Structure formats: C-alpha cells, structure tokens
Amino acid sequence: MFNLIDESGKDLSEFGYSVKDIKYDAKLAFMEIDTEKKAENAGLGIGKYFIINMKEFLGQPIEFYDYFASICKNCLQAIFKLKHLNSKKHFLIVGLGNPDILADRLGPHVTNKLENNDNLYKFCPNIAAFTNIKTFDFVSYIQKGVKADALILIDALATNEISRLGLSIQITSSGLTPGSGVGEGVKRICQQTLGVPCISIGVPYMLFASALDKYAPQSLLLSPKDIHEDLDFMAYVISKSINDLLKK
C-alpha cells in the first residue's frame with residue numbers, strides 16, 4: 001500500500017522519473033504517465049506527478065515558505081497548461097479529511113486559508129464515518145451543482161518513511177482515491193469519473209506502523225505527537241500557491 005509514488009516499490013526511471021536539486025537542500029521529482037500501458041505497469045493513473053522532498057520545514061524564515069509556495073505554484077502551472085486551465089476558469093477546491101484529527105486536517109486547514117473570489121468554490125466533505133455519504137458521492141453532487149471547470153483536491157497522505165512526515169508535497173493531475181491510506185478507498189476522484197480535470201495536492205502526516213514493525217497491522221497508522229505548527233506552515237505554503245495562481 002502506498003500514497004507517495006516514489007514508495008511504490010517500482011523502478012520509476014522507466015516511466016521518466018527524474019529528480020533535480022532545488023534550494024534549501026530540497027529535491028523536486030517529476031514523472032509523467034501518458035499511456036494506459038504505462039499506467040497499468042506503474043499501478044498509477046495517467047497524468048503528471050511532482051514531489052517536493054524537503055529535509056527540514058519548521059523554524060524557517062518566511063522566505064523559506066514563500067519559496068516552496070512558488071515551487072508548488074510552478075508545478076500547478078505545468079498541470080494547468082496540460083489541462084488548458086487558467087485563472088479565469090471556475091475551480092472547486094475540496095479539503096478532504098477529518099477536521100477532528102490533526103494528522104488528517106490538512107485539507108480543511110488549507111481550504112480555510114484560501115482567498116474568496118467569484119471563480120472559487122470551497123468545500124470540505126468530512127469523512128463517510130460521520131456523514132454516511134461516500135466522499136466520491138459528496139464531491140460528485142457538489143460538482144454537478146457548481147459545474148466547476150476543474151477540481152483541486154487537498155488531503156493528508158500516508159508514508160512508509162518516518163523521515164518524510166510533513167516533509168513531502170505531492171502534486172498530481174491524476175486525482176486521488178479518498179481513504180486509500182487506510183485501505184478504505186473505493187472510487188477514484190479523477191477526470192475519468194467526474195469529467196473534469198482533478199488535481200490533487202497531498203502531504204504525508206501519517207506513517208504506516210508496519211514501517212517500524214513488520215508485524216504491525218498494515219491498517220495501523222501513526223502520526224506525530226504535535227503537528228499544529230507544521231500544519232499551519234504547510235497550509236500557508238499550499239494556500240499561497242493556489243491563491244497566487246488564481247489571482248486575476
């Protein structure tokens with residue numbers, strides 16, 4: 001089970017996976033799956049994939065966070081170009097996750113920091129355990145009502161590496177499967193299922209317990225003890241990248 005593409009266990013170089021160094025000793029990885037055959041072989045959806053991997057995050061000057069917001073913006077711009085999107089289009093921003101659990105609060109946290117404008121719809125569906133409505137159905141219903149040109153989905157992810165908690169940002173044009181980190185994903189939210197581009201932004205805040213103990217249940221997830229500050233700064237980075245990109 002994996003959320004981050006570079007934890008798939010596959011040799012992604014055959015799919016064009018490449019990594020370059022960026023500022024602050026961080027790295028930016030890129031890969032594009034452009035055929036159904038490649039998608040099947042990689043176990044991923046068709047689309048562009050970006051991953052920003054940082055070595056540190058907290059306790060940095062504001063210039064640090066603004067820099068990574070600009071990197072996120074550049075990744076989003078590349079996807080916008082691929083999908084023929086611009087700031088004049090209408091977007092549905094979906095903050096996925098459980099707002100009552102810190103490690104799963106990224107989506108709502110980012111959504112709360114987004115600026116209001118007339119081409120932006122914001123929505124946080126919570127989780128099916130509370131609403132008894134599957135996330136895909138919730139998002140589909142809202143999309144049918146607002147008829148956005150594209151969706152931007154924000155969610156907390158799970159990782160197999162403790163060193164990556166709160167330190168990776170994955171941006172893709174292939175959508176996402178809600179609940180996949182805890183083995184509950186059913187129907188993918190993507191262009192194939194909703195008919196419009198679905199961009200996903202995710203950060204790992206949960207760790208598969210099996211990464212620490214091979215005998216631990218695969219469904220058991222661990223999270224940092226106190227991630228308040230990390231979430232605040234990450235929400236700033238992601239929301240700023242979206243706000244700057246969608247400014248008219």
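Reply: Ser8 is placed in the segment before strand 1, which covers 18–22. The model is a predicted one. With a relative accessibility of 16%, Ser8 counts as buried, because the limit for that word is under 20%. A polar atom of the Ser8 side chain lies 3.1 Å from the backbone oxygen of Ile5. On the backbone nitrogen of Lys10, the distance to a polar atom of the Ser8 side chain is 3.3 Å.

Next come the aromatic rings. A pair of aromatic rings is described by two things, the distance of the centres and the angle of the planes. A search of the whole structure gives 12 aromatic pairs. In one of them, Tyr67 and Phe68, the ring centres are 5.1 Å apart and the planes stand at 75°, so this pair is edge-to-face. The cut-off behind that word is an angle over 60 degrees. Tyr67 has a relative accessibility of 16% and therefore counts as buried. Phe68 is also buried, at a relative accessible area of 1%.

Phe80 and Phe91 make a stacked pair, with 5.2 Å from centre to centre and 5° between the planes. Phe80 belongs to helix 2 (residues 62–83) and Phe91 to strand 4 (residues 91–95), so their pair ties together parts that are 11 residues apart in sequence.

Ring pairs join Tyr67 into a cluster with Tyr24, Phe57, Phe64, Tyr65, Phe68 and Phe233. Tyr67 also has a charged neighbour: Lys23 lies over the face of the Tyr67 ring, 5.1 Å from the ring centre.

Helix 2, which holds Phe80, packs with helix 7 (residues 228–246) at an angle of about 50°, and the two axes are 8 Å apart. That angle makes helix 2 oblique to helix 7. The crossing in which helix 2 passes helix 7 is right-handed.

Technical notes. Residues are numbered from 1 along each chain as its sequence is written. This is a predicted model: local features need pLDDT of at least 70, side-chain atom pairs count only at pLDDT 80 or more; totals for chains, interfaces and linings use all residues. Side-chain values use heavy atoms; hydrogens and water are left out. Rings of Phe, Tyr and Trp (its six-membered ring) pair if their centres lie within 6.5 Å; planes under 30 degrees apart count as stacked, over 60 as edge-to-face and the rest as tilted. Buried means under 20% relative accessible area, exposed over 50%, partly exposed in between (1.4 Å probe, protein chains only). Helices (H or I, at least four residues) and strands (E, at least two) are DSSP runs, numbered from the N terminus. A charge sits over a ring if NZ of Lys or CZ of Arg is within 6 Å of the ring centre and within 35 degrees of the ring normal. A polar contact is a pair of N or O atoms within 3.5 Å; within protein, one must be able to donate a hydrogen and the other to accept it, and residues adjacent in sequence count only if both atoms are side-chain atoms. Axes are lines fitted to C-alpha atoms, for helices over the stretch in contact, and angles run from 0 to 180 degrees between N-to-C directions. Angles under 35 degrees count as roughly parallel, over 145 as roughly antiparallel, 65 to 115 as roughly perpendicular and the rest as oblique. A crossing is left-handed if the near helix is turned anticlockwise from the far one by less than a right angle, and right-handed if clockwise.
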